[in-house]
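Subject: Structure handover and notes

Dear colleague,

Please find the structure below, with my notes after it.

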Amino acid sequence: MNELYAVIDSLDEQMKRYDREVKQLFVNRRVLAIILKRFVPEYEGCELEEIMDTYIEPELPDAASVNVQKNRSNITGMSNEDNANNERDLRYDIRFRAAYPGGEGKYIGLIINLELQGRAHMDYPLEMRAVYYSARNISSQLTDLSESTDYGTLQKVYSIWIIYDDRISREDAGTVSLYSFNKNDIIGHMKVEKQHYDLISIIMIKLKESVENDDPCLKLINVLTSSNMSREERKAFLDRAGFDDEYQEEVSKVVEYGFGRAAYDHGIERGMAEGEAKAIRDVAFRLFRNGTDYQTVIVATGMPYETIDAWHKEYVKELNNTTKTQ
């Protein structure tokens, strides 16, 4: 029993670890290529294999390993400019370089930042955070500003935010929005190439585990961030999408069992008693009463999705019976 409560007490740390593992699933060339082709207009006419093999940089970093530190010498010879000393160190979930085909056989560089967010409602609008991250991605390209700085070397930044939270409203679930720079002429019409000012685009993807999506890319993201699918269904989908067995097994380890599963297996090996198994069920019921989502219950109790789903049906049945007798 003490071991169970230790799992509950460390739930916050386990969820952080789970988030890291989910993010690592996205550090995959095929996953990234599917997202780029579906949502980034520059890749609309490109083949998926072409994006994977040609346009995404050869070496992808681990998730949450990309760090942009304070730049304490990025402004020289100026006294009344924005002081970067107040900027904090910033760590991105996933950030990599890519390119897309431009005119005359040339490639145009991009910086792609992918952020995964398990909470839709913060104390601030996530769109504002996305703007800030994008601005930092722009400013970090120029480490030393002076009169001779070549701003023409700046590369466009895409900040793609995947918000997966069952507290998202049904109206917002399954939506994808693109925010970008546009030129509006006030007087007359001035011809300016779009690539000279369109340097930041933000894509917000909102998903809810209980709402199914027909879009193949959104369904892939759901598969990687949700346990609400059987192993057979997940394998069939990932097979069709071209993922190998090794990657599929890694996905199953993360989203099907979570980290509570490892704690549960450890408890079984040490001879968890039948009474303690009932205690786990009781904990699950208390979490259901608090409106806790399936994934959190899975991590807290260490039980697989099928067990949690069966317990939830029992809980709903008991709740309905109690309501009828009152």
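Is Tyr55 buried or exposed? Tyr55 is buried, with a relative accessible area of 4%, where buried means under 20% relative accessible area, exposed over 50% and partly exposed in between, computed with a 1.4 Å probe on protein chains only.

Please bear in mind that this is a predicted model, in which local features need pLDDT of at least 70 and side-chain atom pairs count only at pLDDT 80 or more, while totals for chains, interfaces and linings use all residues. Residues are numbered from 1 along each chain as its sequence is written, and side-chain values use heavy atoms, with hydrogens and water left out.

Overall composition

The protein chain has 12 helices and 7 strands, these being DSSP runs numbered from the N terminus (helices H or I, at least four residues; strands E, at least two). Of its 326 residues, 44% are buried. Among the contacts with a separation of 6 or more, 66% are between residues 24 or more positions apart, a contact being heavy atoms within 4.5 Å.

The structure holds 9 aromatic pairs, where rings of Phe, Tyr and Trp (its six-membered ring) pair if their centres lie within 6.5 Å, and planes under 30 degrees apart count as stacked, over 60 as edge-to-face and the rest as tilted. One of them is the tilted pair of Tyr43 and Tyr55, with 6.2 Å from centre to centre and 45° between the planes. Because Tyr43 lies in the loop between α3 (29-39) and α4 (48-55) whereas Tyr55 belongs to helix α4, the pair ties together parts that are 12 residues apart in sequence. Tyr43 is buried as well, with a relative accessible area of 0%. Elsewhere, ring pairs link Tyr92, Tyr132, Tyr133 and Trp161 into a cluster.

In α4 the buried residues are Ile51, Met52 and Tyr55. They cover an arc of only 130° around the axis, which puts them on the same side of α4; the arc is that of the directions from the helix axis to the C-beta atoms. What covers these residues includes α3, β3 (94-101) and β4 (107-117).

The axes of α3 and α6 come within 10 Å and cross at roughly 145°, axes being lines fitted to C-alpha atoms, for helices over the stretch in contact, with angles that run from 0 to 180 degrees between N-to-C directions. Val31, Ile34, Ile35, Arg38 and Phe39 of α3 make the contact with Cys217, Leu218, Leu220 and Leu224 of α6.

Helix α6 (residues 216-225) also meets helix α7 (residues 231-240), their axes coming within 11 Å and crossing at roughly 135°. On the α6 side the contact involves Pro216, Lys219, Leu220 and Val223, and on the α7 side Arg234, Phe237 and Leu238.

Two buried positions

Ala130, found in helix α5 (residues 126-139), counts as buried at 0% relative accessibility. Leaving aside residues up to four places away in sequence, Ala130 touches Ser159, Trp161, Ile202 and Met204.

Asp165 is placed in the loop between β5 (156-164) and β6 (175-180) and is buried, with a relative accessible area of 7%. With the residues up to four places away in sequence not counted, Asp165 touches Gly118, Arg119, Ala120, Leu207 and Lys208.
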